[in-house]
Amino acid sequence: MRTPLIVGMSLICASNVMAQVYDIPGAAPSIDRWFYPFAGNGTEVQAPTFAALLQAGFDDRDSQMLLAFATSPTVPTNRGARRYVVQSARVRLWVSADLRFAYDPSWDSVATSFAEADPTREPDADVGKPVEIFAAGWRGGWHPMNFAENGPFANGPSFPPQEGIRNAYAANLDASGNATDVSRHVRQRFEATPLSVGTCALPPGTMVPAGTEFVFELDVSSPGAAAYLGQALNQGRVAFIVSTLHPAAGGPGGGQGDPNYPAFYTKENPLSPVLGFTPRLEMSVLAYPSPDFNGSGGTPDDADVDAFFSAWSVGDESADFNLSGGTPDDADVDAFFTAWALGE
Ligand SMILES: [Ca+2]
Ligand SMILES: [Ca+2]
Ligand SMILES: [Ca+2]
Ligand SMILES: [Ca+2]
């Protein structure tokens, strides 16, 4: 009866490939969407970001850019959200509109965006507003895996305009990676915490020309970001929102007058492939083995313990559960049972 044993071992190896760092060298987005009540269906050639500060009926962060990137199959899925450690992650975007905003490389407090007459308003210490990237939060039954690039801005009508209805939103994260909508944080008077403030090669305060590259080096070390990214990698798609608090010129909701806010190339822009301006994600991920050791899916159970010890007892590298290298030892048993008891 050797054959079943061989089959069993191959399953073990298939579900627990050796300790590995996976690199996403520069993925194009599956979604780059101007996320705005009156925008189109995801095929726009640029995505503007602007604010409708304190304007009833509109979110403060009125016009956002939704980005989603497939991380699978480059990074294997279903190891369990806690089994991924993102070592680095950055997003690159290119400015599509010429000389419309000044470069601000640092975070600004929400109090700098309060009304002029508000006694709690704080002066902005540096010229301009930062370009920020946030985790994406979701409502209306949507999530990164079921939302298409032409998915609905809101589940109900977008007109007349309403606050707080967008299906994807710029989010703060708690320590478990849970999202809170920051789209109205100016009127709700709390700070928004992006994953990164975009930087470029210009001196601070400079008006930004079209074609300027913005790099967002994501904070991957905070517990909330680590949890958020782990959940995304476990499923196979990660989503972000790019947002700024540049007030739109013109009437409520923006869109009139001379624009003074950023806009970014999308993958649909005919110039993006020519000039290399397609948005991209670069990510390096350490993926630990899963306590679902036999790859059966579902909650790890006794069969996974058996499968682990079958590999461990013969010194198989798949049982190096803590990725320390060398022959699997007692520390790997501890690491396995710690993950097994957590159910992931
Ligand atoms: Ca698009
Ligand atoms: Ca500023
Ligand atoms: Ca299993
Ligand atoms: Ca080890």
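**Entry 1: overall make-up.** I looked up the secondary structure and recorded six helices and 13 strands in the protein chain. I note that the model is a predicted one. Along the principal axes, I found that the C-alpha atoms fill a box of roughly 80 × 40 × 40 Å.

Entry 2: I next checked how much of the chain is covered, and 51% of its 344 residues count as buried. I then turned to contacts with a separation of 6 or more, and I noted that 75% of them involve residues 24 or more positions apart.

Entry 3: For the charges, I counted 19 positive and 39 negative, and their mean positions lie 6 Å apart.

**Entry 4: strand 4.** I asked how many of the seven residues of strand 4 are buried. Six of them are, so I describe this strand, residues 64–70, as largely enclosed by the rest of the structure.

**Entry 5: partners of strand 4.** I looked up the pairing of strand 4 and found strand 2, residues 31–35, joined to it by five bridges in an antiparallel arrangement. Within this pair, I located W34 opposite M65 of strand 4. I also found strand 11, residues 237–243, paired with strand 4 over six bridges, again in the antiparallel sense. Which residue of strand 11 stands opposite L66? I identified I241 in that position.

Terms used. Residues numbered from 1 in each chain as written. Chains lettered and ligands numbered in written order. Predicted model: local features only at pLDDT ≥ 70, side-chain atom pairs only at ≥ 80, totals over all residues. Heavy atoms only, no water. Helix = DSSP H or I, 4+ residues; strand = E, 2+ residues; numbered from the N terminus. Buried < 20%, exposed > 50% of the residue type's maximum accessible area, 1.4 Å probe, protein only. Contact = heavy atoms within 4.5 Å. Lys, Arg positive; Asp, Glu negative; His and termini not counted. Charge placed at Lys NZ, Arg CZ, Asp CG, Glu CD. Pairing = 2+ DSSP bridges.
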